[in-house]
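Reader: Hi! Could you walk me through this one before I set anything up?

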Amino acid sequence: MQSHTLQRYHERLLDERNTLLSQRDQALATIQEAIHPPGENQVLPSEGIDVEMSLDEGAVSRLEQIDAALEMIKNGTFGTCSQCGCRIPDDRLQEIPSASCCVSCEESHDRS
Ligand SMILES: [Zn+2]
């Protein structure tokens, strides 16, 4: 893959990573505030706050995927299917820069 193409994916992944991180920080801040309300004698909200639920699980796994993709850029394996080793088509990477396997591997993974 040409280095400027790789650079573009790298930037997109970093952008997406920053967005997800700030979303997560915001969610955490909201949870903190709910657990420790500012000011005295505040009654805790009646319904319990489920920290696990409040943190979007999808966002956490997205972050992991992005980190893995950034690692692959570092290792020079970005754009290669982690399952079958084939080259992931550019149009797939443009759509999902953090994709770690080709469409057919992902489909067979989904089926299993
Ligand atoms: Zn594959």
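This is a predicted model: local features need pLDDT of at least 70, side-chain atom pairs count only at pLDDT 80 or more; totals for chains, interfaces and linings use all residues.

Reader: Good to know. What does the protein chain average in pLDDT?

Author: The average is 85, and 83% of the residues score at least 70. pLDDT is the predictor's confidence in each residue, from 0 to 100.

Reader: And which elements have the lowest and highest mean pLDDT?

Author: Helix α2 (residues 51-54) has the lowest mean, 54, and helix α4 (residues 90-95) has the highest, 94.

Reader: How do α1 and α3 cross?

Author: The axes of helix α1 (residues 3-35) and α3 come within 10 Å and cross at roughly 150 degrees. Axes are lines fitted to C-alpha atoms, for helices over the stretch in contact, with angles from 0 to 180 degrees between N-to-C directions. The two helices are therefore roughly antiparallel to each other; angles under 35 degrees count as roughly parallel, over 145 as roughly antiparallel, 65 to 115 as roughly perpendicular and the rest as oblique.

Reader: Nice. Which residues make the contact?

Author: On α1 they include Leu-6, His-10, Leu-13 and Leu-20, and on α3 they include Leu-63, Ile-66, Leu-70 and Ile-73. Two residues are in contact if their C-beta atoms, placed from the backbone, lie within 7 Å.

Reader: Let's stay on Leu-70. How far is Leu-70 from His-10?

Author: Their C-alpha atoms are separated by 6.8 Å, although the two residues are 60 residues apart along the chain. Leu-70 counts as partly exposed because it has 18 C-beta neighbours inside 10 Å. The cut-offs: buried means 20 or more other C-beta atoms within 10 Å of the residue's own, exposed means 12 or fewer, and partly exposed is in between, with C-beta atoms placed from the backbone.

Reader: What share of the protein chain is buried, then?

Author: Of its 112 residues, 11% count as buried.

Reader: Why does the length of helix α3 agree with what it should span?

Author: Helix α3 (residues 57-75) has 19 residues, so at 1.5 Å a residue it should span 27 Å, and its end C-alpha atoms are 27 Å apart. The expected span is 1.5 Å times one less than the number of residues.

Reader: Switching topic: where is Cys-86?

Author: Cys-86 is in the loop between α3 and α4. With 12 C-beta neighbours inside 10 Å, Cys-86 counts as exposed. Leaving aside neighbours within four places in sequence, Cys-86 is in contact with Cys-81 and Cys-102. Cys-105 is 19 residues from Cys-86 in sequence and 9.9 Å away, C-alpha to C-alpha.

Notes
Residues are numbered from 1 along each chain as its sequence is written. Helices (H or I, at least four residues) and strands (E, at least two) are DSSP runs, numbered from the N terminus.
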